[in-house]
Structure formats: C-alpha cells, structure tokens
Amino acid sequence: MSGFLPEGLANWALGGAGQGDNGDDHQAASSENNETQAAPISEQDMRAKRMARLAALEKKNSSNAENVGSNDMDVDKSDAAEPMQVDPDEGKKTQTAAATAKVVAAKESSPSLSAPAATPKQPKNTVPDVNMAEEPAQKKPKSPSDPLARLRRKKILLLRRVLQVTFGNEASDRTPACVHLQLDDDEVYNTSKSPNGVNIGHITDLLVSRLSLSPSSRSLETIPPQKPGLIAYLAGCHKRAGEEWKDLKQKKKGDGSEEELCGLLEEIRKQVVSYAASSLQLPDLFELGGNSCLQLARCLSTTATDPSSSVTFDVMGKNTSFYYCVCEELHSQDPDAFETMVADIAKCITDALSECKSLLDESPQDASGLGGNGLLLTSALRELCTNKKAASCLTKVPSFLLPPADSPQASEWVGGPPPPQIPRGANPNQINFIRRMQEMSNSRMRRSGKGLEKDTVLGNVLRLGLPWKHESVLSSYANPVRRSPKDIDQISDGHRRQLELYQSKCNELIRQLVVAGEQPRKKVIQWLTDALLVNAKADAIEKDPTKISSEELLYNLSAVLLKLCDPFVSNPDKAALVDPGFVTSPKSHGGVYELTGDNALTRLGDNVSHSEDEYNPKNSFIPLCFFFCSRALALSIVPGMSSYDSTSRHVSHMAWRIRSANGDIFSDRRFNHTLQVKYGMGIVVKSPTYATDVFRFYNAVAGFLLRLDSDQLKTMPEHLVSDACAVLDFASDHTTGLLSGIDFGNSFRLTVKLLSKDCAKFVRNYNLRASLGDILHDVFLPGDGSHRNDIPNSVICDPLSGGRPYLVSDKMCQDTLAPSLLLLYGEVETTGFYEKSSHRVKIAALLKYLWDSPEHKSAFRKIAEDQESFITFANGIINDMNDKFAGVMEKLPAIRTVQLQMANPQEWAAISEEERETILERHEENERSVENTLKLCDTVLKMLGFLNTDKAIRDMFLLPDMCPRLANMLLFVLTKLVGSRGLDLKVDNPEKYNFRPKEMLQNVCVVFSSFADANTFQAACAKSGYYTPDLLSKSVKTCRKLGLLVGESMDLFEKLEGKVEEAAKTLGDDEEIYEDAPDEFLDPLMSEFMIDPVILPTSNNVVDRATIQQHLLNDPTDPFNRKPLSIDDVVPAEELKEKMKAWLDAKRAAKGQN
C-alpha cells in the first residue's frame, strides 16, 4: 500500500495533523513550508501503524462517548437541532460503526474539538442557524483592497464551488449550499498562520474532515442537497475542479493568481482520485464509503441519464475523467483489488438487470441494490468498460462465459429439477401443456440457451427487449381493430425507438470489450461462439424453450453483429477481406459451421469436407463477424419473419371465417388478441433501422458469393442464400417502403448466377432454386398491370445503366436467364402441390416479360438447342394442365353450392354448428385450390401461345415424345370448357378465383391455330382419346360467335377441324394393320405398337422411346424394378426395329394388293 493512501489520509490514520502529539509540529512545519511531505513509509509499517492508531482512536472515542451524558458541556439540549448544526449526539449513534467513523463521532461530541461560539449569546459548540429563510439578508462584502486578502477570498470561494464546503467561525463563513466543517486547527482560515490563505497542504485536511462525517450527520443537510455518498461527492469535486481549471486557463487577463489557483485545483483532482481509490479498496476507511462499489455503480448509471454528472467524461481532455483516473490509480497499486472492484460493480449491475423481464420493467432501488431499467443498467455496464483495464477485468469474472462443453458443469441443472419433456405420441393438447410448463420453468442446464441468458453477463444484457407476449406490449395495442393504421404505426415507432436505443448501448458495450485488448476480444468471441452453438436449433419449427435462448436475445445479438459488420458492409475494400476458408476451418468457427453431427449445416454443393489447407486470413476478425452475423440472422430475423407472416395470414383467415359466419370482428376477443400479437411481433421484424441493416448485409453477402469460384461456392452454407431469399420475400410482402434507396444489384446478379445452368449442376436444392425465381418475380419484375407494382424503382432498376430494369440491362441476365427459367419450370415439380403452382405462375410471368424484351431474343433462340432442358420444361407445362384442370372444374360447382347455402340465412342456420364448421373447412380448401390452379392454367396457356409464335420452339413441341402429350392436354381442356358446359358455369365473384372461361377458351384456341398446319400435330389430335369430330366443330362455332379469334388465327383453327378428321381416317386404317401385331412389337406399358423400341439396361425390358422418356421426366427410375435410370442409359433395339419395319412393310403391301 506504500504510496497508495494519500499522504494526508495516511497522516490522519497514523496520528497526523490535528490528532494528538504531532499537531504542533505539523503546524510549525506548515508555517515554514506549506507543502512539506511525510517521510516515505513501507507498506507493512503503514498498515501496522494505521491499525494501531485506529485501535487507540476507537478506545478514546468509546471513553468520550461514555462521558457525553456527564460532562458539563455548553450544548443545546433541545429536542430539535438547528438546521445546519453538527449533531452533538453523533458519537452515541455510531458506536458500532467502522473505526474511521468513530473518529468523526469523537470529534463531533468532544468539547475540545468544538468550534468557538459565533456570537456571545450562542452556546458553545452550537453552529449558528444559516437557514436562508430566517437569516436576514447581508450586504455583499466589498472586495478587499489587500492583494493577499483578495487571494484568500478567491481561494475560499473556489473551494466553496469545488469542494462545496465552508470553514471558519464567523457567520459569513457559512452558506446553506455547503457543508460547514469544524476543523481541529484554525490554520486554514487564520491569516496570521496562513497569510496566503488555503494552500495545497490544507486540501488533505479539508477532504478528510468532509469525508469523515457520518452519513447521518446534520452537517450534510444542505440546500440544495448534495449528492449522497462518498464516491458521488468525490466525482463531483473532480469534475468541478476540472471545469474551474479550464476556465482559469482560458482567461486572457488575470491578476497573477491563476497559476496558484490551478495548482490547488490540480491537487484537489489528484487527492479526490486517491481517496476514491482508497475507499474502494478499504470500504471501512470512511463511513460514507461503506458501500463504495455500489456508489460507483450508481455514478456510472447516472452518467447515462445525466451527462452533466458524468464520471467518464472530463473537460480537461482524453483519459482525465474521474472514473478513468480512479481505475488507473487502483490498478497501478493493487491489480487484485481492482479486479475485485470491477467484479463487485458488475454484480451490482447484473443483479439489478436480472430483476427486469423486459425493457418496460424497472428494478427497484434500495439501500443494498442499484435499481433502474434495462437501458440505464446496460449504459452503466457500458460506462464501466470505458476503461480498457476494467473492460478486461469484466471478461475475467466467472459469469462471463458458459462452462466448456466437455466440462461436468455443462450438463448440470440449476434453478430446479429438469422440466418435463414431450413424450412420443403426445397429442396436440398435451404438447401445448408441456410447452407452457417448459416456458414457465426457471430450471436450466448450465450450458444451454437459457443458461446463456440467465447466467452470463452479456446474456443478461442481451435478453432484454420488447417480447410480444409481454402484457405491457399487448396492452399498448388494446382494441386494435378500432385503431387507425396511423395510430398503430405511432405506437410501434415508439417501441422501436426504445428498442433501438437499447441495442445501440448493447453495441457500444460489446465494442468496448472488443477494443479493450486481445484477451478480452478472445473472451467476447468465445461468448459469441457459445451463443450460436447453444442456440443451433433456434430456427426449428418446434423449439424447445428449455434449450434455446429467448427471441429477444437472438434479435439483439444479430443487431449487435450487424453493427460490427457495418464498416465492411459499406466498404468494398474491407468486404474483400472476408475469407471463404472460415466455414471449412473448425478451429476458426468453433463448431458453428459443422459439416457433420446434429448441428451440421447444409452446403450449396455436395461432398464438402473440412479444408486441409491452413486458414490464414489477412484479417481474422472481419470473416468471423461476417459469418457469425449471417448465422445469428438465420436464428433470429429469418424465423421471426416467417412467424410474423404466418400470424398475418392467420389474422386474414380469422377475419374471413368471422365474416363468413356473419360475425363481428370488432367484438371478437380472440381475433383482437391475435391482431395484438401480430402488431407486437412487427415491432422488431418491421423496424426500419434493423430491416435496413439486414437488407444491406444480405446485399453484401451476395457480393461476397459473386466473387467466389465454383469450388469455393460449393462450400458455402446454403442458408446464406435461402435466408437472403426469405428476407427479400418478406420485404416484398410486408415492408416494400423500406427497400427504397438500398442497392440490391449484387442480390439480383447472384440470383441470376445461381439459376444458371452452370450452377444448377451443383445447387440441387429445388426449393432453394424455386425461391430464387420467386425473388426475381416479387422484387425485380417491373409492374405491367398483371401483378402488383409497389416495389420502388430504385430496387428494380440499375442506376448504372440509366435507370433501366436489371432484367433487361444486365448482361449475364440477357445471356442465361431465359433458358434458366425454362429449366426451373420443370424443376419445381417436386416442391409441393400448392407451392409449385405459385412458382410456375411467377416463372411464366418472368418469361413473358423477357419474351417481350428485344434484349432476350437471342437467348430464346438458343432454347431450341438444348432439347433435354426444353423437354423438362414442356413436361412441367403439360403435367400442370392434366393434373389440375379437371379437379378445378369439379370444385367450382361445389363452391357455388356452398355460396348459395350461405346466402340463405334460414337454410344455413338449420345446419348444425359442427356440420357448418366442416363445410367451411372444405369450402376454404376448394377456394384456395381453385384460385391457385386456375391462375396457373391461364398463365400456362398464355405462355404456350407466345412461345409457339417462334418456329424453333414450335418444332420442339412437335417432337415425337412431346406432340402426343400436347395434343392430349389441349383437347382435354377443350372438352372441359366446351363439352361440360364450362362457359355456363357461374360462381359469385369469379375474379377472386381467376375463373375466366371465355379468356381461357380463347388462349387454348390460339395454341391450336399455331399448330394447325403441322401434320404431326394433326395426327396426334386424331389419335387422342379426347378427340371427337363434334368437339372441334363446336369449338369453332363458339369462337366465331364470341369473337374469340379473328383473321388468320380463326381461319387456321377452322381448317384444323377438317385436317384432323382426315388424319383420323388414316389412323383407323393403320389400327387395322396393328391388330394382329406380335406381342414383342407392342409396348409393355402402353400396349401400343412401338415406333422406336429401346432396351432398358437395368431390367432388359424393351419399351417405346416416347414411353420411357415420358416416364423418366416424372420418375428417374426403371418402371420395372425402380432402379435408377436416365434417358442416356437406354439402348436402341436396332434388331427388333428392323424386324418390326419388315413386318409392317409386308402388311401394308398385302393390304395394298387387296
């Protein structure tokens, strides 16, 4: 401790000035030299002497306290003490206090230490009443003409302003705003002893006297009140001294006393720091500092709300604040005590934080606790870390990190027994009940998502937010149906401002830790790694609340990481430092991007393994922030947006059900609650600031992926692309206004690249590829009246190409997109019944836009060169029409029946409630199916119409394995529209279902007219099982009557009727020849005469090429044994084909002779 305690304090503790035998010597020394220093003393000697001195003082104080009642003292014994009077019973009240406090009590109760009477009539030891309300106004004293008197006066006024204390025996020496000190020696104010007034040597006496007061002393009752506690007082002195020093230095003219005054101020700043450090190390040194760490924590929290009282900022420049100086002083003398101080302060803050459940809650403050809301407490923690040494110490506290995964503590349960787990086979009610029990349980495994937010410092901070389940959040949206959108937006904006302010403080806190040094940064990185590992399942559909953290922690974590990424998201040079080797280096990602095990992450390509090359990036922190941020977003905003979208759909569905049942949404409590939940969930996912950061980040992700070669691209986590699609898809549905002004050029180019045929070879996730097609349609397709047009032009158009849409200006798009979309159309077959219809409608809209753009004509001409891709595309078209159109035409009458039922109140009321519920469920399913399917069918027919205006594409449809299927599909649709009274079918609000039968008939007949001159098509129509002469005849008459076709198209359609009839007669003649064909000439699957027989090597069966090709388009296996098979594997049956030809020639020759 040598050199640690201020000299004045050391002298006081060991028997210095004003305390015993050394008092006279000290006074004499002060007269000769006001800055005399004590001789150096070792730490051991100082501690021994101090403890001996404190023991002697305690004994003396006890003796004085016992004699208080018997001594004949001139003390006012009235029940009420005067307002500014030192309490005469101080000694009695503090007998059980710390030793230093007893010294103060002895001073205040001893007659020998009392101040002389101020007036003849006033009893001894009584301080004159200086209450401003009772004291008559005094004339302002004239400025003394004596230079020394003026200097003394300046010093006294300076000390009043800085130390807020007064001293002396005259009434004029007191002021209600200051604490009046009763000094043991009058040297400070005795002009004969100190002609120059207060000097540096007196600062110690003044501070010790002020700090030695008891918290209950009446001397501390000032007007206005001074801040309670020792630390706040010392911090205030330090700040005021700095301000005074700055003012003196800035004075242009002075009387020459400025340097001496500045020296006093510098000594004050030095000593208050030393006293504060001493009190933090030795809490019993002063009774006022008994809870110094808590006091400092309160000062740090006050700093956030009252910058004028900041302990971390100082007017004298960088690293001169009270807090910084105290940290440096304490650390330099006793690093262990410094670590203890930081740990104690952190505990004060985190204990208070643990009492808050959300940002809307507040921890109560009492004598033993800090108190405050989450913003205030996190700000205090942030201020604690403004000193790098303190920030480093914070990362050393045991509660900073989770226990290691392989430690015994990792699997320990705390807070109670493990909650029940959901058993296999549990019904929905049981699952919901157990989930609620899990959410309510406080028990947790130490190493878990719940343990992270309950038991770690940063987890305790980041867990606070605005959970939509919180009663205060829901109540802020009370009566949501009756509120205007503007009102809802104002409420949400208020919540968002509060959340964004809190997230900014969280970001500042983590930045302070990161820049504090290498070791603190490693601890923060380890915490981030653990946070992502223990929450690896947070994106699951069914989440286990006992294992993962709250949504609020994950949202805040992603928000903080977004801010850490901001410098390189907006700087291409820094973005180039993102090294792709991070995701294949387990040592770097710490298991976050595992390739195997339960937490393995799917990659864009197959057969990805950990890199054997050493990962040695130019900058290791930038890749870590980049990939950790992407993972945090995958666990927070992406599932959050999905939940909000589901809730939004549920709200719409509930409204429809209520209105269908003639209910009232205004009075429906369940509907109103669900709407409140939706608005609460939207606070975060629709936050402009947060959403903008997310959009900018994913455009940077796209830029990063664009610069990778194919081998590197394969190793990237698939969620990088799928999450970017999910975010843009959500924005196109719910937050289109937030897209304005953000650059999405990289996102567009990456989408086009991943859809290209080259990337399709290794990006085999068809759902992901389908999502890429949706993004092109939802975000980048300009509006033309056929779909909504609320995406800002700044998103759709490329500013570098004169504001032209990306879809027509981008070179890669011009070369590859049209063929890519044709390929994608067939690939989405496996994405789901409803999903594939939606995908294909969007792909068709994109193709139509590209078809109308001259920039894409050359690409469409190349389509015919890739026969395999085109057949896949054409097969998708035909499958859609064959599988769905018939079902739609059957469901429309069912929809009409329910509409009529519901329109008749008496008939509808006569049905039981249970039966009505069943009818509504089936009706809703039919409506959804019809709406999606008819839109797709109409789109497909239009696409066939414009594509077949090109001869090369039309020839592709006339291929032997495609033409029969096309003819069957067209005739089937024609049968349903004309043959089953489709044009006469009525439903209410047909536009809702995309039901436009006349328009559909027109589109079908346009396709017929396109192929009318093709003999192959005529023969295929004649051979179709749906063909009847009356069908085409009736269709021609209907088209002419309704004016659906005109000009050349009408003429071609009319001629087709006769040509198909002639082809049917020829076909009949061939059927007679095939009747007695050998079985080996017939296709075993279709029982038809084969045209091009091939051998299947996987089963050695022979089938017609058209048959197996059609089968493989839907199922890539051998139909006889389910072994994998492709069209390239089949072998032409040349010998059989020659045999069949010879037989057929012979039969035809024989028939000709006959």
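Trainee: At what angle do H24 and helix H27 (residues 688-706) pack?

Mentor: This is a predicted model, in which local features need pLDDT of at least 70 and side-chain atom pairs count only at pLDDT 80 or more, while totals for chains, interfaces and linings use all residues. Residues are numbered from 1 along each chain as its sequence is written, and side-chain values use heavy atoms, with hydrogens and water left out. The axes of H24 and H27 are 11 Å apart (lines fitted to C-alpha atoms, for helices over the stretch in contact, with angles from 0 to 180 degrees between N-to-C directions). The two helices pack at an angle of about 125 degrees.

Trainee: Which angle class does that give H24 relative to H27?

Mentor: The packing angle is about 125 degrees. Angles under 35 degrees count as roughly parallel, over 145 as roughly antiparallel, 65 to 115 as roughly perpendicular and the rest as oblique. H24 is therefore classed relative to H27 as oblique.

Trainee: How many charged residues are in the contact of H24 with H27?

Mentor: With contact taken as heavy atoms within 4.5 Å, H24 contributes Phe-626, Phe-627, Cys-629, Ser-630 and Leu-633, and H27 contributes Tyr-690, Val-694, Phe-697, Tyr-698, Val-701 and Phe-704. Ala, Val, Leu, Ile, Met, Phe, Trp, Tyr, Cys and Pro count as nonpolar, Asp, Glu, Lys and Arg as charged, and the others, Gly among them, as polar. By these classes, the contact of H24 with H27 has ten nonpolar residues, one polar, and of charged residues, no examples: the count is no charged.

Trainee: How many nonpolar residues are in the contact of H21 with H24?

Mentor: Helix H21 (residues 551-569) and helix H24 (residues 621-635) pack at about 145 degrees, their axes 9 Å apart, in a left-handed crossing. Residues of the contact include Leu-554, Leu-557 and Phe-568 of H21, and Ile-622, Cys-625 and Leu-635 of H24. One residue of the contact is polar and no residue is charged, which leaves a nonpolar group of 15.

Trainee: How many charged residues are in the contact of H25 with H40?

Mentor: The axes of helix H25 (residues 637-660) and helix H40 (residues 913-947) come within 12 Å and cross at roughly 125 degrees, so H25 is oblique to H40; the crossing is right-handed. His-653, Trp-656, Arg-657 and Ser-660 in H25 meet Glu-917, Leu-920, Glu-921, His-923, Glu-924 and Glu-927 in H40. Two residues of this contact are nonpolar and three are polar, and the charged residues number five.

Trainee: Which strands stand at the edges of the sheet that has three strands?

Mentor: The sheet is open, has the order E10-E9-E11 and is paired antiparallel, where two strands pair if DSSP finds at least two bridges between them. Each edge strand has a single partner, so one side of it is left without a neighbour in the sheet. The edge strands are E10 (1101-1104) and E11 (1131-1132).

Trainee: Which residue of E11 is the bridge partner of Val-1094?

Mentor: Helices (H or I, at least four residues) and strands (E, at least two) are DSSP runs, numbered from the N terminus. Strand E9 (residues 1093-1096) and E11 run antiparallel and are joined by two bridges. In E11, Val-1094 is bridged to Pro-1132.

Trainee: Which residue in the turn between E9 and E10 has a positive phi?

Mentor: E9 and E10 pair antiparallel over four bridges, and Ile-1095 has Val-1102 of E10 as its bridge partner. The two strands form a hairpin with four residues between them. The turn residue with a positive phi, about 65 degrees, is Asn-1100.

Trainee: Is Ala-874 buried or exposed?

Mentor: Ala-874 lies in helix H38 (residues 867-903). Beyond its neighbours within four places in sequence, Ala-874 is in contact with Phe-957 and Met-962. Buried means under 20% relative accessible area, exposed over 50%, and partly exposed in between (1.4 Å probe, protein chains only). Its relative accessible area is 0%, so Ala-874 is buried.

Trainee: How many residues of helix H30 (residues 745-755) are buried?

Mentor: For the chain, buried residues make up 51% of the 1154 residues. In H30 the buried residues include Phe-748, Leu-750 and Lys-753. H30 is mostly covered, and of its eleven residues the buried ones number nine.

Definitions and conventions. Left-handed = near helix turned anticlockwise from the far one by under 90°.
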